[in-house]
Amino acid sequence: MSLLEVVSLSKEFGGLKAVQDVGFAVEAGVVHSVIGPNGAGKTTLFNLITGVYTPTQGEIRLDGVDVAGRRPDQLAALGVARTFQNLQICMNMDACENVMVGAHLRLDRNVIRAALRWPGLVRRDRELREEAEALMAFVGLGDHVHARADGLSYGILKRLEIARALAARPRILFLDEPAAGLNPRETIEVGELVRRIAADGVTVVLVEHDMKMVMSLSDRILVMDYGRKLVEGTPDEVRRHPDVVAAYLGKHA
Ligand SMILES: Nc1ncnc2c1ncn2[C@@H]1O[C@H](COP(=O)(O)OP(=O)(O)OP(=O)(O)O)[C@@H](O)[C@H]1O
Ligand SMILES: [Mg+2]
């Protein structure tokens with residue numbers, strides 16, 4: 001059974017079919033990328049799978065269970081985490097606190113129990129902080145733990161978002177354009193980070209326009225165009241496919 005299976009998934013906004021009858025499966029342990037021209041429906045697909053939008057139609061199966069329509073926090077509890085194409089960082093908190101927000105997504109069920117035992121709560125806060133600091137070191141931000149978020153560069157904030165998503169201890173992590181706006185060196189570093197995340201056993205679904213990164217990291221690639229699935233396959237199959245070449249040359253040439 002696939003970790004994630006999407007069946008005939010559609011989302012309409014008014015008359016606009018942002019995602020149309022898309023089906024694909026993500027196996028546990030892979031890096032599975034989603035590519036396509038601007039407006040192809042990639043972010044909408046992520047928003048559907050992570051519970052931000054309710055599908056107009058279709059199924060989203062996690063370990064065979066249909067989770068379509070569940071809320072983001074319910075999906076987080078099942079091991080689904082994500083980053084956002086437009087950064088969603090709390091600028092008035094420090095970097096470490098932003099990462100701790102991700103851990104709370106996982107632990108909020110126990111908050112009331114913990115609140116009844118104040119010393120336990122203090123201890124938990126310390127544990128979460130230590131865990132967040134370890135994650136920041138993992139993503140290469142060990143020097144920025146106590147920095148205020150509003151003083152950090154864009155490239156660092158992009159990685160901070162990844163640390164926050166990891167704090168929820170996901171089984172499957174959705175990254176929406178983690179390299180957008182980064183310089184070439186930062187882009188290579190994020191590529192290496194994605195590789196290390198996958199090596200740790202987290203399944204990664206990646207939306208990214210940097211083709212070099214996509215082609216070198218991905219086990220499989222889903223190509224979307226105008227809300228539909230155009231092609232799905234290995235990087236080699238996708239690279240050679242005439243429809244893919246046409247979709248990209250048609251819009252980007
Ligand atoms: N909340 C919304 N309301 C109305 N239309 C939307 C909404 N979200 C997305 N759309 C539309 O759906 C289509 C797909 O958008 P989406 O953001 O999913 O594309 P994308 O593939 O992520 O593009 P990009 O590469 O530019 O990020 C676009 O035409 C977009 O304008
Ligand atoms: Mg997008």
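How many of the 8 residues of H1 are buried? The count is 8 of the 8, so H1 is largely enclosed by the rest of the structure. Buried means that 20 or more other C-beta atoms, placed from the backbone, lie within 10 Å of the residue's own; exposed means 12 or fewer, and partly exposed falls in between. Helices (H or I, at least four residues) and strands (E, at least two) are DSSP runs, numbered from the N terminus.

This is a predicted model, in which local features need pLDDT of at least 70, side-chain atom pairs count only at pLDDT 80 or more, and totals for chains, interfaces and linings use all residues. Residues are numbered from 1 along each chain as its sequence is written, while chains are lettered from A and ligands numbered from 1 in the order in which they are written.

Start with the whole chain. It has 10 helices and 10 strands. The C-alpha trace spans about 60 × 40 × 35 Å along its principal axes. The radius of gyration, taken over C-alpha atoms, is 19 Å; a compact globule of 253 residues would have a value near 18 Å, which agrees. The globule rule is 2.2 Å times the number of residues to the power 0.38. Of the 253 residues, 38% count as buried. Take the contacts between residues at least 6 apart in sequence: 67% of them join residues at least 24 apart. Two residues are in contact if their C-beta atoms, placed from the backbone, lie within 7 Å.

Now return to H1. Its buried residues are Lys42, Thr43, Thr44, Leu45, Phe46, Asn47, Leu48 and Ile49. Gly51 follows the helix, with a positive phi near 85°.

H1 also takes part in the shell around ligand 1. A residue is near a molecule if its C-beta atom, placed from the backbone, lies within 6 Å of it. The residues surrounding ligand 1 include Phe13, Leu16, Ala18, Asn38, Lys42, Thr43, Thr44 and Gln85. Strand E2 (16–26) and helix H1 (42–49) are the elements that give two or more residues to this shell. H1 gives the most, with 3 residues. By class, the shell has 4 nonpolar, 7 polar and 1 charged residues. Here Ala, Val, Leu, Ile, Met, Phe, Trp, Tyr, Cys and Pro count as nonpolar, Asp, Glu, Lys and Arg as charged, and the others, Gly among them, as polar.

Next, the domains. The assignment gives domain 1 (1–79 + 170–253) and domain 2 (90–169). Such bounds come from an automatic or database domain assignment. The C-alpha centres of the two domains lie 26 Å apart. Across the boundary, 12 residues of domain 1 are in contact with 13 residues of domain 2. On the domain 1 side, helix H2 (72–77), strand E7 (172–176) and helix H7 (184–199) each supply at least two residues. H7 gives the most to that side, with 4 residues. By class, the side has 8 nonpolar, 1 polar and 3 charged residues.

Finally, look inside. A nonpolar core is a set of buried Ala, Val, Leu, Ile, Met, Phe, Trp, Tyr and Cys residues joined through C-beta atoms within 7 Å. The largest one holds 65 residues, of which Val99 and Ala163 touch the most other members. Helix H6 (residues 154–167) provides the largest share, 7 residues. Domain 1 and domain 2 each contribute at least three residues to this core. Leaving aside residues up to four places away in sequence, Val99 touches Ala132, Leu135, Met136, Leu160, Ala163, Arg164 and Ala167.
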